[in-house]
Amino acid sequence: MDLSLSNRAAGDHIVVEVGGEIDVYTAPRLREHVVDLVEAGHYHLVIDMEGVDFLDSTGLGVLVGGLKRVRSHEGSLQIVCTQERLLKIFRITGLTKVFPIHDTVAEAVMPTVR
């Protein structure tokens with residue numbers, strides 16, 4: 001299966017809707033997409049993974065790299081995911097402590113109260 005990517009604005013965030021498989025073959029496309037967004041000045045990203053069927057370690061590496069990239073600009077990278085098989089991967093790898101993971105895009109783009 002291939003990877004589909006589309007963007008939409010949500011407040012000061014860019015939501016990247018991802019569909020298909022994020023694996024060793026398709027992860028470079030996602031990496032390039034995130035790099036292009038950051039280079040265009042978008043530092044608050046939401047990766048909507050509701051359409052993702054498969055995620056491997058290469059895909060996780062792309063997400064971690066994207067997080068580092070936006071944080072270097074005082075930005076954020078949030079994940080939207082409710083699929084248990086993907087959430088299990090985030091839990092096993094300890095990445096639930098690294099990424100804010102939300103049930104909906106609306107929840108991910110809500111301003112945080114400090």
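Predicted model: local features only at pLDDT ≥ 70, side-chain atom pairs only at ≥ 80, totals over all residues.

Student: Which residues touch the most other members of the largest nonpolar core?

Tutor: Ile-22, Met-49, Ile-79 and Phe-90, in a core of 28 residues. A nonpolar core is a set of buried Ala, Val, Leu, Ile, Met, Phe, Trp, Tyr and Cys residues joined through side-chain atoms within 4.5 Å. Buried means under 20% relative accessible area, exposed over 50%, and partly exposed in between (1.4 Å probe, protein chains only).

Student: Which elements give two or more residues to this core?

Tutor: Strand 2 (13–22), helix 1 (27–39), strand 3 (44–55), helix 2 (57–71), strand 4 (76–80) and helix 3 (84–92). Helices (H or I, at least four residues) and strands (E, at least two) are DSSP runs, numbered from the N terminus. Another core, of six residues, lies apart from it; Val-15, Val-46, Val-80 and Ala-108 are among them.

Student: What is Phe-90 in contact with?

Tutor: Leaving aside neighbours within four places in sequence, Phe-90 contacts Met-49, Leu-55, Leu-60, Leu-63, Ile-79, Leu-95, Thr-96, Phe-99 and Ile-101. Contact means heavy atoms within 4.5 Å.

Student: Now helix 1. Which of its residues are buried?

Tutor: Ala-27, Leu-30, His-33, Val-34, Val-35, Leu-37 and Val-38. They pack against strand 1 (3–10), strand 2, strand 3 and helix 2.

Student: How do helix 1 and helix 2 pack?

Tutor: At an angle of about 10°, with axes 9 Å apart. Axes are lines fitted to C-alpha atoms, for helices over the stretch in contact, and angles run from 0 to 180 degrees between N-to-C directions. So helix 1 is roughly parallel to helix 2. Angles under 35 degrees count as roughly parallel, over 145 as roughly antiparallel, 65 to 115 as roughly perpendicular and the rest as oblique. From helix 1, the contact includes Ala-27, Leu-30 and Arg-31, and from helix 2 it includes Thr-58, Gly-59 and Val-62.

Student: What about Thr-26? Buried or exposed?

Tutor: Thr-26 counts as buried because its relative accessibility is 7%. It is in the loop between strand 2 and helix 1. A polar atom of the Thr-26 side chain lies 2.5 Å from the backbone oxygen of Glu-21. A polar atom of that side chain also lies 3.0 Å from the backbone nitrogen of Asp-23.

Student: Next topic. Where is Tyr-43?

Tutor: In the loop between helix 1 and strand 3. Tyr-43 is partly exposed, at 28% relative accessible area.

Student: Last one. What is the phi of Glu-74?

Tutor: Near 60°, a positive value in a residue other than glycine. Most residues other than glycine have a negative phi. Glu-74 is in the loop between helix 2 and strand 4, and it counts as exposed because its relative accessibility is 70%.

Key. Residues numbered from 1 in each chain as written. Heavy atoms only, no water. Polar contact = N/O pair within 3.5 Å; in protein donor to acceptor, adjacent residues only side chain to side chain.
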